[in-house]
Each structure stands twice: as structure tokens, then as C-alpha cells.
Amino acid sequence: MDKILRINMGADGGPEIKEDPLGDYAGLGGRGLTSMIVGKEVPPSCHPLGEDNKLVIAPGLLSGTIASMSGRISVGCKSPLTGGIKESNSGGQGAQVLARLGYAAIVLEGKPKDDTLYKILINKDGVKIEADNSLKMLGNYDLVEKLRAAYGEKVACISIGPAGEMKLSAASVAFTDMEQRPTRHAGRGGVGAVMGSKGVKAIILDDTDMKMRPARDPEKFKAANKEFVAGLKKHPVTGEGLPAFGTNVLTNVLNEAGGYPTLNFSKGQFEGAGKISGETQAALENSRGGEGSATHGCHRGCVIRCSGTFYDKNGRFLTKQPEYETVWAHGGNCGIDDIDAIAMMDRMDDDFGVDTIEMGATIAVAMEAGLAKFGDAQGAINLLKEVGKGTPLGRILGNGAAVTGRVFGVERVPVVKGQAMPAYDPRAVQGMGVTYATTTMGADHTAGYAVATNILGVGGSVDPLKPEGQIELSRNLQIATAAIDSTGMCLFIAFAVLDQPETFQALIDLLNAFYGLEMTGDDVVALGKKILTTERDFNVRAGFTSEHDRLPDFFHKEKLPPHNITFMVTDEELDEVFNW
């Protein structure tokens with residue numbers, strides 16, 4: 001994984017391919033690499049859909065190896081949704097295959113002179129780019145079916161749906177899973193719109209005859225991986241809760257904690273939560289012949305296996321097991337307690353190529369505006385269909401909650417830096433409020449998952465209803481997350497890493513044995529700080545100030561039932577998050 005593939009989509013005479021050595025980017029992977037390239041090479045004031053923006057797709061430092069959990073991939077650019085730097089993370093097979101093909105990153109540059117649509121094939125023989133307008137406006141499912149017929153059942157695909165081609169700010173980049181379905185997405189920040197602006201519909205990755213990446217010290221690497229897996233399996237979250245019920249195990253947990261945003265963040269508990277909980281969902285999936293969580297990962301090498309498959313009432317595959325964020329966004333946040341309707345919207349999101357969090361939050365804002373009633377599942381599906389068709393209303397909705405709220409005059413719009421908040425109300429989980437406000441990414445739960453310590457008691461305990469301790473908690477989590485996102489590791493390893501020093505050491509041992517390094521925990525912290533500093537520098541140069549590191553006013557004014565509290569961390573405290 002020692003080269004960067006650069007493709008200039010705006011070159012005279014058609015797309016131009018160039019391979020560069022890593023150079024100044026040596027030692028970086030995943031988010032570290034995407035943010036460093038964007039920070040150094042993209043003008044912060046550029047238009048996100050213009051020729052000067054770049055889309056960077058990078059596997060992690062350990063992707064393509066035998067290391068468990070190392071199949072995450074980062075997609076970076078200047079975000080059309082936030083106007084700042086973006087790293088969006090996905091599972092699927094893309095990271096492992098791209099890494100085994102030897103590429104630390106793909107960088108899409110420039111902009112085509114016309115509306116020709118391209119596909120890119122990467123295999124052991126090199127890179128081939130073809131114009132293929134027959135792919136225009138195909139949904140991700142039909143697209144992947146067509147690519148499978150042409151390139152075989154073993155390739156991994158990276159693609160955009162119609163939303164990406166329409167350059168909607170909620171558009172995602174899809175990655176195929178182990179069954180070659182487009183169910184894994186780099187969802188947040190409109191990265192699909194940037195891929196669409198480059199005229200690229202799909203990237204096909206074929207690692208036939210390519211071997212696993214070899215470690216410098218194979219025996220130490222195997223030993224570290226064994227220790228690492230043992231740590232994951234003995235932790236109650238990664239060894240029991242997530243494998244049994246998937247990420248949606250959190251529905252009942254957050255609802256009981258009074259931090260489950262309901263009816264567009266107007267209250268913290270949903271009466272219908274039990275009907276859409278992880279426990280209910282898993283039982284339904286199993287009764288229909290689907291695969292429960294314990295049997296299914298989103299990429300090869302996953303030992304947590306928090307995913308599954310969802311079959312409809314007639315026993316036909318519909319979508320992957322809907323994740324907690326998706327079930328909340330299209331469920332409780334919209335007052336909908338019909339798991340089949342939620343699964344249908346998850347399928348539609350994946351097919352159109354849009355972020356489930358952004359779309360669920362947008363539909364809730366639209367419901368607040370009177371475009372549909374809270375609890376109206378068919379009404380929500382109809383609004384989502386507008387996005388897929390690209391009608392004027394659909395294009396408004398497809399540009400996210402902030403745009404929709406502005407167009408329809410809604411005051412309660414739960415966004416930071418233009419990006420919709422996920423499934424944790426910051427008034428009842430105050431640590432998440434700090435992360436939402438201050439992360440470089442816009443409102444993003446994965447940037448510093450304070451739920452772990454606020455609600456689950458992982459890595460210690462900080463009272464979720466009080467402001468004390470939240471700044472330090474979010475700061476430390478944001479630093480750690482930036483580093484983990486660079487390794488290609490799934491963020492869920494953090495539960496075991498935070499609670500078990502030996503598992504954290506095993507992660508460091510994996511990196512050291514693979515690269516022949518002598519990293520310590522302090523080096524991991526330094527990497528995280530370096531990435532965050534680079535991202536914040538980009539945002540400052542793009543025009544962001546401390547005033548952008550704030551939650552919307554209604555979180556300070558409207559008391560959230562059942563705890564009847566507001567967000568209490570002060571602006572002065574928020575400005576201390578990155579003062580290390």
C-alpha cells in the first residue's frame with residue numbers, strides 16, 4: 001500500500017491516470033490520509049462541487065491484512081453540506097480490496113468538460129477508465145447487478161446512486177458488502193455529490209491474484225491479533241450486546257435514559273420504541289429466515305458481527321439489518337413505529353444513495369413544516385420517493401435538514417455546521433452535545449462517542465445530565481477517534497480499548513509488528529491531535545470561527561422531557577475542547 005492513484009477527470013483529452021509515491025503522506029492511512037491530502041491540496045475557499053475540490057478514498061493502515069476489524073474505509077473532501085473538511089467512514093469490502101491492490105488512496109481531481117459518466121476498473125493489471133452513459137441515474141442495486149454481470153461475483157464496487165449524480169448534499173458513496181450488495185455507505189457530508197461532480201458513477205475493484213499484505217514481523221502480528229480478538233470477545237458490548245442485537249440494541253437503552261430524540265427533537269422518549277427495538281427487530285428477522293446479527297459482519301475479518309439481513313413479509317431480501325441511527329432517524333424521530341416501513345426506507349436510501357441520518361432528520365423537519373404528519377409511514381416514504389425522482393421538492397429534501405428548514409420556515413432544525421444530528425439528544429447526553437458542537441465534521445456522533453461513558457459506563461462514568469466533565473470526555477474521545485479512523489479499524493473496538501488496557505496495547509502491537517515500529521500510546525494520541533489540528537486549520541481557512549462550534553438555540557431554551565433540562569455546557573467551555 002505504497003502508492004496514491006490520482007485521476008484527473010478534467011484533463012484535456014479525457015481522464016488522466018497518474019500514480020504517485022506516498023512522499024510526504026508516508027505513515028498515514030484512512031482519515032489521517034484523507035484529511036492531510038484535503039488540508040494540503042484543496043483550497044478551503046473552493047466550491048465543493050468545483051474542479052478544485054478532491055475526493056480522496058483511503059483504506060486504513062491495517063486494511064488488507066489479517067488483522068481483525070480492519071475493513072473500514074475513509075472518504076474525504078470539502079463537504080457540500082457543511083462547507084468544511086469531511087471524512088466519511090464506511091464498512092464493506094472496499095478497504096480490504098483496495099489495500100491489497102497496493103493503493104493507499106484514490107484521489108479524484110478536476111471536473112469533466114461535459115456530462116459524460118465514467119466507470120473505473122482497478123485490478124492487478126492496472127487502471128482502466130471507460131465512459132458509460134448507460135449507467136446514468138441507475139439506483140445502486142441495479143447498478144451493482146449490471147457491474148456484477150460484466151465483471152464477476154468477486155469484485156467490490158464503490159458507487160453513487162441518482163442522488164450523487166444530481167449532486168444533492170445528502171448524497172452518499174456506496175460500498176458493496178460481502179454479498180456484493182450496496183448496503184454500506186460513506187453517508188455523511190455529501191461525499192456522493194462530490195463523486196458525482198467528478199463524473200464517476202462507479203469504481204470496480206478486483207483483487208484476483210493479489211495476496212494479503214505481509215507484516216514485517218508475522219509472528220508478533222499474529223500474536224497481537226489473537227490478543228486483540230480475545231479482548232473484543234470478552235467485553236460485554238462487543239462480545240455480547242452488539243453480536244446479539246446489532247447496533248439497534250441502543251433503542252431501548254437511549255429511550256430509557258430519556259435521550260432518544262423523538263418527533264424532531266421535541267422530547268426524549270418514544271412510546272413506540274419497543275416496537276422498533278433491536279430485540280424486536282432481531283426476533284422478527286430470525287422468524288422470517290433472515291440472518292441475525294451474530295452471523296454477519298459488514299466486511300471480512302469482522303469478529304463483532306453486529307450486522308444482519310432483513311427479509312420482507314414474503315421472505316424476500318429487502319435490506320441489511322437497519323442500523324440504530326437509521327431506525328431512529330426514520331422511526332422515532334418521525335414518530336414511526338413500523339419496522340417494515342423503516343426497513344423499506346433504508347433500502348430506498350441505499351438505492352438512491354443518500355445518508356439515512358440526514359434523510360430521517362430532514363423528513364422530521366418536513367413533518368414539522370406540515371408536509372406530512374408525524375407517525376405517517378407512507379407519507380414519509382412518499383417524501384423519500386420525491387428525492388429519488390429528483391422533483392423540485394425532492395431536491396430540496398435531498399439537500400438536507402438545514403436547507404429544508406430554511407425553505408419551509410422551521411425553527412427547530414437540529415443541525416451543526418449544516419449537518420443533521422444523529423440519535424442522541426444533547427440535552428440528555430451532554431457529552432454528545434459537546435462533540436456535536438465542536439467536531440470539525442458537523443454534528444457527528446462517531447467523532448467523539450460520549451454515549452460510551454455518559455450512558456454505557458464504558459471508559460468510566462460521567463453523568464449525562466450535568467455539564468461537568470463533558471469537555472475533557474469529548475476532547476479525549478475526539479483525539480482517540482481520529483487515530484482509530486486512520487487504522488482502518490471499526491470504531492466499535494473503542495469499547496474494549498477504553499476498558500481494557502491490554503486490548504489497547506494489542507492494537508498498538510498490531511501496528512508495530514506490521515510496520516516495524518515502536519509506537520507507544522503517546523504516539524497514538526499525537527497522531528489524533530495532528531489530524532484534528534489539520535482539520536481545524538482547514539475549517540478556519542474556509543471561514544469557520546468559534547461561533548460555528550455551537551448548538552442551535554432551541555437546545556438552550558427548550559427543556560427536554562422527561563428530564564426537563566436544557567444543554568448546559570457554556571460557550572466558553574466549548575472553546576476549550578481543542579486547547580491541549
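Q: Which residue is the bridge partner of Leu-5 in strand 6?
A: In strand 6, Leu-5 has Ile-106 as its bridge partner; helices (H or I, at least four residues) and strands (E, at least two) are DSSP runs, numbered from the N terminus. This is a predicted model, in which local features need pLDDT of at least 70 and side-chain atom pairs count only at pLDDT 80 or more, while totals for chains, interfaces and linings use all residues. Residues are numbered from 1 along each chain as its sequence is written, and side-chain values use heavy atoms, with hydrogens and water left out.

Q: And how many bridges join strand 1 to strand 6?
A: Strand 1 (residues 3-8) runs parallel to strand 6 and is joined to it by six bridges, where two strands pair if DSSP finds at least two bridges between them.

Q: What about strand 3, in which sense does it pair with strand 6?
A: Strand 3 (residues 55-59) pairs with strand 6 in the antiparallel sense over three bridges, and Ile-57 has Ile-106 as its bridge partner there.

Q: Is strand 6 mostly covered or exposed?
A: Strand 6 (residues 103-109) is mostly covered, with seven of its seven residues buried, buried meaning under 20% relative accessible area with a 1.4 Å probe and protein chains only.

Q: Switching topic, why is helix 16 described as largely enclosed?
A: Helix 16 (residues 430-438) is largely enclosed by the rest of the structure because nine of its nine residues are buried. Among the buried residues are Met-432, Val-434 and Tyr-436.

Q: What covers them?
A: The cover over the buried residues of helix 16 includes strand 15 (415-416), helix 17 (451-454), helix 18 (470-487), helix 21 (521-541) and helix 23 (571-574), with contact taken as heavy atoms within 4.5 Å.

Q: In what order do the six strands of the open sheet come?
A: The six strands of this open sheet follow the order 8-7-12-9-10-11, and the pairing is mixed. Its edge strands are strand 8 (126-131) and strand 11 (184-186), each of which pairs on one side only.

Q: How do strand 9 and strand 12 run?
A: Strand 9 (residues 156-159) and strand 12 (residues 200-205) run antiparallel and are joined by four bridges, and the bridge partner of Ile-158 in strand 12 is Ile-203.

Q: Last one, which residues line the largest cavity?
A: The lining consists of Arg-31, Glu-87, Thr-439, Met-441, Asp-444, Thr-446, Ala-447 and Asp-485; a cavity is a set of points on a 1 Å grid over the protein atoms alone where a 1.4 Å probe fits but cannot get out, and lining residues have an atom within 4 Å of a point.

How values were computed. 1 Å grid on protein atoms, 1.4 Å probe; cavity = no way out; pocket = protein on both sides within 12 Å on 5 of 7 lines; lining within 4 Å. Buried < 20%, exposed > 50% of the residue type's maximum accessible area, 1.4 Å probe, protein only.
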